Amino acid sequence: MDGKRPLDRRAVLAGGLAGATVAVTGCSATRTAAPESSASATALARARPSTPAAAFARLVEGNQRWVSGDLHHPDRDPNRRQLVAQLQEPFGSILSCIDSRVPPELLFDTGLGDLYVMRTGGQTLGPVVTGSVEYGPMTSGTPLVVVLGHQRCGAVKAAYTALRDGTPLPGNLQAIALALKPAYEQAVRKGGTDPVETMTRAQVTLASTALRSNADLAPLVKKGALAVVGAYYSLDTGKVEVLDGAPS
């Protein structure tokens, strides 16, 4: 994914991937007229954020509601389901951990059709994951990507222990440990009383930096059409803390 790309790659992807996924529920990119219902009014009332700053502000507001318990549960009714059945235009892409306590749609108080979500152990990257992150910005103009790490990450802890002790994890879990090795090495160099938390934050920064400098995403970042934000979620408080890349 580091080679040169044709100038019209976004258009090619938009058409090609849409055609390949037209039979998959929620993956069609074919635009049709919105149903004549109150869903149209709902869509107008909550217009899709079109800039990185607006998308980021929407997520911040949602997380504030999650922390306080004043949840709106937006975009989660049958009208919304009908509205997005033929077309999805999420305003954000979230790469988070598989941890059951960190569901992005809940902790950002969003709903159906609002977010692309990729979840891997410890927010690890690889060609398929990176391609999945690229999908929104490159095919539907999604203006925001968030790499979201979290407190007490089990995947990071297991990888830290395995790398420290030189004891491989079973099965394909070892692939997660190897993907997290650069974050582990940063944590070892930095030291501190809680190396697992240090490693988690290092992984967020490494992943967000890698995506921000990605050959296909970097041009979008440079012209201000995309922001890649590194963030950290507290299990104790529910609050999301920005580590890097917040749009101004």
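Helix H9 meets helix H10 through Pro182, Ala183, Tyr184, Gln186, Ala187 and Lys190, which face Pro195, Thr198, Met199, Ala202, Gln203 and Leu206 in H10; contact here means heavy atoms within 4.5 Å, and helices (H or I, at least four residues) are DSSP runs numbered from the N terminus. By class, eight nonpolar, three polar and one charged residues make up this contact, with Ala, Val, Leu, Ile, Met, Phe, Trp, Tyr, Cys and Pro taken as nonpolar, Asp, Glu, Lys and Arg as charged, and the others, Gly among them, as polar. The model is predicted: local features need pLDDT of at least 70 and side-chain atom pairs pLDDT 80 or more, whereas totals for chains, interfaces and linings use all residues. Residues are numbered from 1 along each chain as its sequence is written, and side-chain values use heavy atoms, without hydrogens and water.

The axes of H9 and H10 come within 8 Å and cross at roughly 130 degrees, axes being lines fitted to C-alpha atoms over the stretch in contact, with angles from 0 to 180 degrees between N-to-C directions.

Within H9 (residues 181-190), Ala183, Tyr184 and Ala187 are buried, that is, under 20% relative accessible area with a 1.4 Å probe. Viewed down the axis of H9, these buried residues fall within an arc of 100 degrees, so they line one face of the helix; the arc is taken from the directions from the helix axis to the C-beta atoms. They pack against helix H7 (154-165) as well as H10 (195-212). Just after H9, glycine 191 adopts a positive phi of about 70 degrees.

Note on methods
Buried < 20%, exposed > 50% of the residue type's maximum accessible area, 1.4 Å probe, protein only. Helix = DSSP H or I, 4+ residues; strand = E, 2+ residues; numbered from the N terminus.
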